[in-house]
Amino acid sequence: MVIETLTPGKNKVPATSEKLLRADSRPVHWQISEGLVPYPQALDTMRARARAIADGEAEELVWLLEHPPLYTAGTSAKAVDLLTPEKFPVYDAGRGGQYTYHGPGQRIAYVMLDLRQRGRDIRCLVQNLEAWVIDTLAAHNIKGELRDGRIGVWVQRPERGAMSEDKIAALGVRVSRWVSFHGISLNIAPDLGHYDGIVPCGIRDQGVTSFEDLGQLTSMAEVDISLKAAFEQRFGPVLPVRDDDGGL
């Protein structure tokens, strides 16, 4: 069975307090890749891992990494929103959403979970991913919020006007055979000027921000610690792995 791409942000409801735990408390493998991982390589690896999880041949995995500068197009992407196609490579992501940017200084978390073991509830998955980001931001004194009709996690910018908001995290997932893949991207200290080549997620009247832009000078390693703690609260225990002990 294939479940088509889910695009968060439509019919938005508040982040759920219902956790997405496994009944057997089996830990999720947690892997952090050093350096910049090419997007095609990451996509192939992620898809292969999701298939292996569906076949019962691999454990669930959260994969943290960074990409070189690039744009990705989700299933709802509109050509008019790609403003400078020659600026960076553009890839078809196969996830929900529209155009987004990935690059150094942005923490990508690809989330490969077996929803057969977690209640088969896609809406609950998306809500917990959103809440995971919001919990992580709160650990660094940043108030992340959701907005009806808009994908991702947002931060109010009252210094720019009463209605001004910036996006700090994007979210897009796909579920196939009840296994999720793709996930979240969280801006720590990317070059925000690189967003100029697209209309991020099709939203023209708001901007993008990052920890650094908000004055939070936090290392990627520190954010990873917060991501891990917040993930365990909502999805259960994790087991750190390397390439040679059960990782990718």
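I took two strands as paired if DSSP finds at least two bridges between them. Helices (H or I, at least four residues) and strands (E, at least two) are DSSP runs, numbered from the N terminus.

I noted that this is a predicted model, in which local features need pLDDT of at least 70 and side-chain atom pairs count only at pLDDT 80 or more, while totals for chains, interfaces and linings use all residues. Residues are numbered from 1 along each chain as its sequence is written, and side-chain values use heavy atoms, with hydrogens and water left out.

Entry 1, strand β4. I looked up the partners of β4 and found four bridges to β6, with the two strands antiparallel. Three bridges join β4 to β5 (residues 90-92), and this pair runs parallel. Tyr71 stands opposite Tyr101 in β6, and its bridge partner in β5 is Val90. From β4 (residues 70-73), Leu70 and Thr72 point one way and Tyr71 and Ala73 the other, and all are buried. Buried means under 20% relative accessible area, exposed over 50%, and partly exposed in between (1.4 Å probe, protein chains only).

I recorded 16 residues (39-54) and a reach of 22 Å from first C-alpha to last, close to the 22 Å expected at 1.5 Å a residue. The expected span is 1.5 Å times one less than the number of residues. The buried residues of α1 include Tyr39, Leu43, Met46 and Ile53. Gly56 follows α1 with a positive phi, near 75°.

Entry 3, cavities. I searched the whole structure and found three cavities of 30 Å³ or more. On a 1 Å grid over the protein atoms alone, a cavity is a set of points where a 1.4 Å probe fits but cannot get out, and lining residues have an atom within 4 Å of a point. Grid points are joined across faces, edges and corners, and a volume is the space filled by probe spheres set on the points.

The largest cavity has a volume of about 170 Å³. I counted 21 lining residues, with Arg95, Thr100, His102, Leu171 and Gly172 nearest its centre. β6 (99-102), β7 (106-112), β10 (165-176) and β11 (179-187) each supply at least two residues of this lining.

The second largest cavity holds about 80 Å³. Its lining has 12 residues, of which Thr100, Lys167, Ala170, Asn187 and Tyr195 lie nearest the centre. β10 gives the most to this lining, with four residues.

Terms used:
1 Å grid on protein atoms, 1.4 Å probe; cavity = no way out; pocket = protein on both sides within 12 Å on 5 of 7 lines; lining within 4 Å.
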